[in-house]
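Colleague: I would like to go through this structure feature by feature. Please give the general idea each time, then the case here.

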Amino acid sequence: MSATLALLVAVPILASTLPLFLGLRFERIGWPIAVATLTVEVVLAALVAHRVFTDGRFTHELGGYPAPYGIELVADGLSMLVVVLIAIVSLSVLGYARVAGPRRNSFYVAYLLLCGGLMGVSLTGDVFNLFVFLEITGLATYALVASDRSGRSAVAALKYLIIGTAGASLYLVGVGYAFVATGTLNMVDLSNELGETVAYTDPLVVASFAFVAVGLGVKAAVFPLHTWIPDAYAESPDTVTAYISGLVSTVGAYALARLIYTVYTVEFFEAVPLAQDALVALATVGIVAGSVLAVMQPDVKRMLAYSSVSQFGMIVAAFGLANETALIGGVIHLIGHGFLKTGLFVAAGVLATAYGARTVQAYANLGYRSPYTTAALGVLALALVGIPPSIGFLGKWYIALGAVNADAWVVAAVIFASTLLTLLYVARLLETLYFRPRDSVDIQFDELLADGGERDDPSTRVSVGMVVVAVAFALAAVGLGFAAPLFETVLEPFAGRYL
Amino acid sequence: MSALEFLTTGYAYLAFAFLLATGLYMMIASPNLVKKIIGLNMFQSAIFLFFVATAYVQGGSVPVIPQEGGAVGEYASPLPHVIVLTAIVVGVSLTAVALALIVRIYTEYGSLNEETIREVARR
């Protein structure tokens, strides 16, 4: 039964070879294979979620080698939530990808490989194995960002590759230091050794934490390590942006939480308060910086990208505060942000496909031309601000409460200020969508063809599936706003174990 | 441990720090995209050197246990070697993806210089 964990990782990786082989015979086989595989993933994720819900934490030893020597996969409250998020988002984005493309079979190879890598990061219980899965995730993401084969996206992907690989390598240095200090790579074993055989204040341990935090901070796009995020999100195809925005930096932040709580533990923070203070301080600066940068962007995708920087600052600050309320808030916001950003990028993608609208200006009066999509966009954007009832409100509420509980008044104030800034750029978007007359902007050149003919390019067609995905995410964002008791029951054993 | 002793026994760690810094500087300072990737490779190789150096045991032999058993004496630690082997594979695939992207960029912009590409892309 615990083999479901291994299957969650293995199924998409094995299935990712199929589009290439079957592609030799069939032309458009990638999409059906991806749908079949990811449906299996959703079922497996549901099985894991059910088991964690009833029995609590469980593990699977890969290849039958016992834990400290072999690699184990672990499912607990935190990793289960991330696994469910990955499975649902991966499957839903396919509903958008069918018509929007890219339709090449090789695109779906990278798509499935990314899903496998993300699952691996969220389930592994071994710090070096985590590095390998991070790099699988990275490799697939770099390929996906450049998957429309344009020069601009290739430049964005290369920038992401250089920064992301440097980050992962720094993480590996941190792992190396921890390995030298303790002689083990298993997470649970490491946490037992740290503080026992080697003091938390040992320079080797402190340095290893610094390297790990910076390395994973790059992956999670925490300010000032976020510089890859605007280009990677803005230049990649809309399908890819929707897919990676909700998941890739999410598992980066998840890995950071996993390392902080499971490996270094809260006692490390108590022994080395500087580490905790530095982490919370940087994350808090990131909340403000991300929001301010988002307000200044004329391009919608860039604005949403910088908004992610701000949200991840908030999530990492919550993890750094290390009390139960903040931890639960951080996880809720992590999951919630995944749903919200995916939905927002899907909605933005629909509007870009239909009207070629990529800037806030070009959104003028679209509210009455695509009522469902813009309504979904509006709901998701308001949820991002934190208007109740929504998942965005729930996450921010718990984080702010946790900050107050920890007497971190600066963090609480910054969360409030950033909510106002978020409201600023969201209100600007909504105002343009619904209240600004169409005449006040120039006619979009995308809508006109020189010979006056009909546009026949399939990539500019909006399918029902694309709109349905956007609306479904908006409904989920509101529905999850009532799921606070559910999150608490799932996360309480996790918080109890590590706090 | 005196400074001289560290120089004679721990020089591999000094090389690690030097290569790491050099690779990082190359990644940041060189405007040539291929040289950035070479810098990235140097950065990663430094980490491999670090891992291999930690596995070294004075007078230790290759950690291959004879089939009939009876392994005695000092052995070098095999785990860091396995880690490095895996990390090398990861590094090679990253270099491949990076070079593929650079080929794409070169056909699009006709240059490998970061500044030139930025100029052309802005137009």
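Predicted model: local features only at pLDDT ≥ 70, side-chain atom pairs only at ≥ 80, totals over all residues.

Colleague: Is H5(A) largely enclosed or largely open?

Modeller: A residue counts as buried when 20 or more other C-beta atoms lie within 10 Å of its own. In H5(A), 18 of the 19 residues are buried, so the rest of the structure largely encloses this helix.

Colleague: How many residues are in the largest nonpolar core, and which have the most contacts inside it?

Modeller: That core has 221 residues, and the ones with the most contacts inside it are Leu158(A), Leu256(A), Val316(A), Leu380(A) and Ala477(A). H7(A) makes the greatest contribution to this core, at 20 residues.

Colleague: Take Leu380(A). Which residues does it touch, leaving out those up to four places away in sequence?

Modeller: Leu380(A) touches Leu340(A), Gly343(A), Leu344(A) and Ala347(A), and also Phe473(A), Ala474(A) and Ala477(A). Ala477(A) is itself one of the residues with the most contacts inside the core.

Colleague: Now helix pairs. At what angle do H1(A) and H3(A) pack, and how far apart are their axes?

Modeller: The general idea is that an angle over 145 degrees counts as roughly antiparallel and one under 35 as roughly parallel. Helix H1 of chain A (residues 3–15) packs on helix H3 of chain A (residues 30–55) at about 170°, with 10 Å between the axes. The two are therefore roughly antiparallel.

Colleague: Which residues of H1(A) and H3(A) meet?

Modeller: From H1(A) come Thr4(A), Leu5(A), Leu7(A), Leu8(A), Val11(A), Pro12(A) and Ala15(A). H3(A) supplies Ile33(A), Thr37(A), Val40(A), Glu41(A), Leu44(A), Ala45(A), Leu47(A) and Val48(A). By class, twelve residues of this contact are nonpolar, two are polar and one is charged.

Colleague: Are H4(A) and H14(A) roughly parallel or roughly antiparallel?

Modeller: Helix H4 (residues 77–100) and helix H14 (residues 324–355) of chain A pack at about 5°, with axes 10 Å apart. They are therefore roughly parallel. Among the residues that meet are Leu78(A), Leu85(A) and Tyr96(A) in H4(A), and Val331(A), Gly338(A) and Thr353(A) in H14(A). The contact has ten nonpolar and four polar residues, and no charged ones.

Colleague: Where is Arg149(A) placed, and is it buried or exposed?

Modeller: Arg149(A) has a positive phi of about 60° without being a glycine. Arg149(A) lies in the loop between helices H6 (127–145) and H7 (151–182) of chain A. It is exposed, with 12 other C-beta atoms within 10 Å. Thr265(A), also not a glycine, has a positive phi of about 60°. Thr265(A) is placed in helix H11 of chain A (residues 238–271) and counts as buried, with 20 C-beta neighbours inside 10 Å.

Colleague: And which peptide bond to Pro224(A) is cis?

Modeller: The bond from Phe223(A) to Pro224(A) is cis, with omega near 0°. Pro224(A) sits in the loop between H9 and helix H10 (229–235) of chain A. A cis bond also joins Pro388(A) and Pro389(A), with omega about -5°. Pro389(A) belongs to the loop between helix H15 (371–385) and helix H16 (391–405) of chain A.

Colleague: Last, the interface. How many residues of chain B are in contact with chain A?

Modeller: An interface can be read by counts, then by elements, then by class. Here 26 residues of chain B contact 23 residues of chain A. On the chain B side, the elements giving two or more residues are helices H3 (33–55), H4 (78–109) and H5 (114–122). H4(B) gives the most, with 14 residues. The chain B side has 19 nonpolar, four polar and three charged residues.

Notes. Residues numbered from 1 in each chain as written. Chains lettered and ligands numbered in written order. Contact = placed C-beta atoms within 7 Å. Helix = DSSP H or I, 4+ residues; strand = E, 2+ residues; numbered from the N terminus. Nonpolar A, V, L, I, M, F, W, Y, C, P; charged D, E, K, R; others polar. Axes fitted to C-alpha atoms, helices over the stretch in contact; angles between N-to-C directions. Parallel < 35°, antiparallel > 145°, perpendicular 65-115°, else oblique. Core = buried A, V, L, I, M, F, W, Y, C linked by C-beta atoms within 7 Å.
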